[in-house]
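Open the model in your viewer and show it as a cartoon. The stops below say what to select next and what is there.

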Amino acid sequence: MKVKVSRKAHFNAAHRLYNNKWDLDKNTAVFGKCNNPNFHGHNYELIVSVTGHIHPETGYVMDMKELKELIYNEIEQVFDHKNLNLDVDEFKNLNPTAENIAVVIWNKLRPYIAEENELEVVLFETPRNFVTYTGV
Ligand SMILES: Nc1nc2c(c(=O)[nH]1)N=C([C@H](O)[C@H](O)COP(=O)(O)OP(=O)(O)OP(=O)(O)O)CN2
Ligand SMILES: [Zn+2]
């Protein structure tokens, strides 16, 4: 029997979507207003889920307090109130799309999750646009 435990978090960040191999016209044609050279921001909502067996002694899959602190230290501290393109190393050469941000978050968290447990990251870029990454 496996159970999924989840923790919500949020961060505000600025970004610009563009491909530095393309000229401005092509970037504007593909990314539209998201290619604004002066950047724009989103209120990102994050849901991190860990799935595994319930530990018989604690009754926990994973301590939610640990999960909360992990997300705060590894994600919120790094991304909140930052310009993703300029301030976050992972996006120096990686377009900060919702897909790529979700993969970066998953990769940052995975080393801290017990090997036998599964990790899922859901990232809302806007209230209606969201992506999911499970490591596959
Ligand atoms: N596959 C992706 N498509 C888009 C991404 C992305 O990261 N991956 N990002 C954007 C924009 O950065 C952002 O999401 C704004 O898009 P927009 O269409 O304006 O979203 P809204 O929710 O504000 O639009 P509504 O029409 O109000 O739903 C675009 N595409
Ligand atoms: Zn955007």
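Where does UniProt place the feature "active site"? The unreviewed entry puts it at C34, H81 and E125.

**The whole chain**

Before zooming in, note that this is a predicted model. The protein averages a pLDDT of 97, and 100% of the residues score at least 70. For the model as a whole, ipTM is 0.90 and pTM is 0.96.

Now colour by secondary structure. The protein has four helices and five strands, and along the sequence they follow the pattern β-α-β-α-β-α-α-β-β. Of the 136 residues, 21% are buried. Among contacts between residues at least 6 apart in sequence, 67% join residues at least 24 apart.

**Stop one: H81**

Select H81, in the loop between α2 (64–79) and β3 (82–83). Is H81 buried or exposed? H81 counts as exposed, because 11 C-beta neighbours lie inside 10 Å and the cut-off for exposed is 12 or fewer.

**Stop two: E125**

Next select E125, in the loop between β4 (118–124) and β5 (130–133). E125 has 21 C-beta neighbours inside 10 Å and therefore counts as buried; the cut-off for buried is 20 or more. Which residues does E125 touch, not counting those up to four places away in sequence? They are H42, Y44, A98 and F130.

**Stop three: the hairpin**

Show β4 and β5 together. The two strands run antiparallel and are joined by four bridges. A hairpin of five residues leads from β4 to β5. Select F124 and look across to β5: F130 stands opposite.

**Stop four: ligand 1**

Finally, select ligand 1 and display the residues around it. They are L17, C34, T97, A98, E99, E125, T126, R128 and N129. Two residues from the UniProt "active site" feature, C34 and E125, are in this list. How many residues of each class does the shell have? It has three nonpolar, three polar and three charged residues.

Definitions and conventions. Residues numbered from 1 in each chain as written. Chains lettered and ligands numbered in written order. Predicted model: local features only at pLDDT ≥ 70, side-chain atom pairs only at ≥ 80, totals over all residues. pLDDT = per-residue confidence, 0-100. Contact = placed C-beta atoms within 7 Å. UniProt positions renumbered as here; feature names shortened; annotations may be inferred. Near = placed C-beta within 6 Å. Nonpolar A, V, L, I, M, F, W, Y, C, P; charged D, E, K, R; others polar. Pairing = 2+ DSSP bridges.
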